[in-house]
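Biologist: I would like to learn how to read a fold from its coordinates. Please take me through one example.

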Amino acid sequence: MVATETVTIKVPAGMSKYLNNMDLESELTRYALLLYPAILNQTISHGGAAEILGIRKSELIDIYDRLGYSYLDMTMDELDSELEMFRQLKKKRLQNDCCFRHNTISISPQNWAYRLA
């Protein structure tokens, strides 16, 4: 069980009757919604918010998903572009690792001294 504290907030007239007698799942959703603006403006991460709520990050993401809030704020084109960039960087890294493992590049002590100076 996560530690709690009491906070008083002002709500529009007529709203308070919907905030009483909530089941545990509804309360968790309400708390997640209260934290969402801080996640959106990057004051806190999803992981940090989940920790406050005493749940796993994946559970918090599931709550937001059920409410229609996306974990990723990218369009499909942006996501495709990011994935392509990742693939290119990974391919380049694998090529570099291969070169070092198979001694197909030469690095002389003279080059080290020049780069360290």
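Modeller: Start with the order of elements. From the N terminus on, they run α-α-α-α-α. The protein has 5 helices and 0 strands. Helices (H or I, at least four residues) and strands (E, at least two) are DSSP runs, numbered from the N terminus. This is a predicted model, where local features need pLDDT of at least 70, side-chain atom pairs count only at pLDDT 80 or more, and totals for chains, interfaces and linings use all residues. Residues are numbered from 1 along each chain as its sequence is written, and side-chain values use heavy atoms, with hydrogens and water left out.

Biologist: What span should helix 1 have?

Modeller: The expected span of a helix is 1.5 Å times one less than its number of residues. Helix 1 covers residues 24-40, 17 residues, so the span should be 24 Å. The end C-alpha atoms are 24 Å apart, in agreement.

Biologist: Where in helix 1 does a kink lie?

Modeller: A bend is the angle between axes fitted to the seven residues ending at a residue and the seven starting there. In helix 1 a kink of about 30 degrees lies at L34, shortly before the proline P37.

Biologist: Which residue caps the N-terminal end of helix 1?

Modeller: Look for a polar contact. That is a pair of N or O atoms within 3.5 Å; within protein, one must be able to donate a hydrogen and the other to accept it, and residues adjacent in sequence count only if both atoms are side-chain atoms. Here D23 is the cap: one of its side-chain oxygens lies 3.0 Å from the backbone nitrogen of E25.

Biologist: And what follows the other end?

Modeller: Q42 sits in the loop between helix 1 and helix 2. Q42 has a positive phi of about 65 degrees although it is not a glycine. Q42 is also exposed, at 70% relative accessible area.

Biologist: Which residues of helix 1 are buried?

Modeller: Buried means under 20% relative accessible area, exposed over 50%, partly exposed in between (1.4 Å probe, protein chains only). In helix 1 the buried residues are T29, A32, L35, Y36 and I39. Their cover includes helix 2 (46-53) and helix 3 (57-66). Over the protein, buried residues make up 13% of the 117 residues.

Biologist: How many residues line the largest pocket?

Modeller: Rolling a probe the size of a water molecule over the atoms shows where empty space is left. On a 1 Å grid over the protein atoms alone, a pocket is an open set of points where a 1.4 Å probe fits, with protein on both sides within 12 Å along at least five of seven lines; lining residues have an atom within 4 Å of a point. Grid points are joined across faces, edges and corners, and a volume is the space filled by probe spheres set on the points. The largest pocket holds about 1100 Å³ and is lined by 25 residues. T4, E5, E27, Y31 and L34 lie nearest its centre. Helix 1 gives the largest share of the lining, 9 residues.

How values were computed
Contact means heavy atoms within 4.5 Å.
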